Amino acid sequence: GVLAKKMGQETELGAGLDAGCDKIFAVCVGLSFLPYLITWPYNAAAFLILDGILAGLYLMVKRAKKRNTYTGSAEIKANWLGKTKYCLQGTAGLCYIYALPVEGNWFLFVANLFAAGSIIRHLAPKK
């Protein structure tokens with residue numbers, strides 16, 4: 001995404017693929033913490049729910065805009081909250097892979113806070 005912006009090669013397809021790859025990455029992180037689900041079930045559930053909401057918002061707004069039926073003000077674009085969430089989820093995944101479940105759960109908890117903030121920012125009316 002950064003390289004595309006610097007080169008002036010941004011497309012709607014590229015933005016969709018970038019968002020899709022982010023969701024695939026999130027699923028992989030989710031799979032990495034399955035063995036630790038018993039110790040932090042609420043954290044894992046929040047992760048799945050919040051990422052599902054973000055994916056659903058993106059798909060609903062994209063579909064409505066494609067059909068020219070969108071009348072809302074939500075813009076589902078990348079923001080610093082989502083990028084921070086993504087980095088924290090990646091760090092959590094690395095922690096789980098390297099058998100640091102407590103640290104990974106804390107990174108995932110903070111990532112969930114950033115995901116909630118990103119949802120609120122996407123839904124807030126634009127001025």
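Predicted model: local features only at pLDDT ≥ 70, side-chain atom pairs only at ≥ 80, totals over all residues.
Let me begin with a term: a residue is called buried when its relative accessible area is under 20%, exposed when it is over 50%, and partly exposed in between, with a 1.4 Å probe and only the protein chains counted.

Residues are numbered from 1 along each chain as its sequence is written, and side-chain values use heavy atoms, with hydrogens and water left out.

Now the overall picture. The protein chain has five helices and zero strands, where helices (H or I, at least four residues) and strands (E, at least two) are DSSP runs numbered from the N terminus. Read along the sequence, this gives the pattern α-α-α-α-α. Of the 127 residues, 29% count as buried. If we take contacts, meaning heavy atoms within 4.5 Å, between residues at least 6 apart in sequence, then 70% of them join residues at least 24 apart. The chain exposes about 8,500 Å², of which carbon and sulfur atoms supply 71%; these areas come from the Shrake-Rupley method with a 1.4 Å probe, and for residues only the protein chains shown count as cover.

Let me turn to helix H3, residues 41–66. H3 has 26 residues and reaches 37 Å from its first C-alpha to its last, close to the 38 Å expected at 1.5 Å a residue, the expected span being 1.5 Å times one less than the number of residues. Its buried residues include Phe47, Leu50, Asp51, Leu54 and Tyr58. Just after H3, Asn68 takes a positive phi of about 60 degrees.

Which partner does Asp51 meet in a salt bridge? It is Lys85, with the side chains 3.2 Å apart, N to O, and the rule here asks for a side-chain nitrogen of Lys or Arg within 4 Å of a carboxyl oxygen of Asp or Glu. By this rule the count comes to one salt bridge. Leaving aside residues up to four places away in sequence, Lys85 touches Lys23, Asp51, Leu54, Ala111, Phe114 and Ala115.

Between helix H4 (80–97) and H5 there is a loop that holds Ala99. Ala99 has a positive phi of about 60 degrees although it is not a glycine, and for context, most residues other than glycine have a negative phi. Ala99 is also exposed, with a relative accessible area of 53%.

That brings us to H5, residues 101–123. At 1.5 Å a residue its 23 residues should span 33 Å, and its end C-alpha atoms are 33 Å apart, which agrees. Among its buried residues are Leu108, Ala111, Ala115 and Ile119, and what covers the buried residues of H5 includes H3 and H4.

How many aromatic pairs does a search of the whole structure find? There are two, where rings of Phe, Tyr and Trp (its six-membered ring) pair if their centres lie within 6.5 Å, and planes under 30 degrees apart count as stacked, over 60 as edge-to-face and the rest as tilted. Trp80 and Phe114 form an edge-to-face pair, 6.2 Å centre to centre with 80 degrees between the planes. Trp80 lies in H4 and Phe114 in H5, so this pair ties together parts that are 34 residues apart in sequence. Trp80 counts as exposed at 51%, whereas Phe114, at 22%, is partly exposed. The rings of Trp106 and Phe109 have their centres 5.8 Å apart and their planes at 85 degrees, so that pair is edge-to-face. Being three residues apart in H5, Trp106 and Phe109 are separated by about one helical turn.

Finally, Val102, Trp106, Phe109, Val110 and Leu113 make a nonpolar surface patch of about 460 Å². Patches are made of residues with over 30% relative accessible area and no salt bridge, with like charges joined within 9 Å and nonpolar side chains (Val, Leu, Ile, Met, Phe, Trp, Tyr) within 5 Å. Trp106, at 47% relative accessibility, counts as partly exposed.
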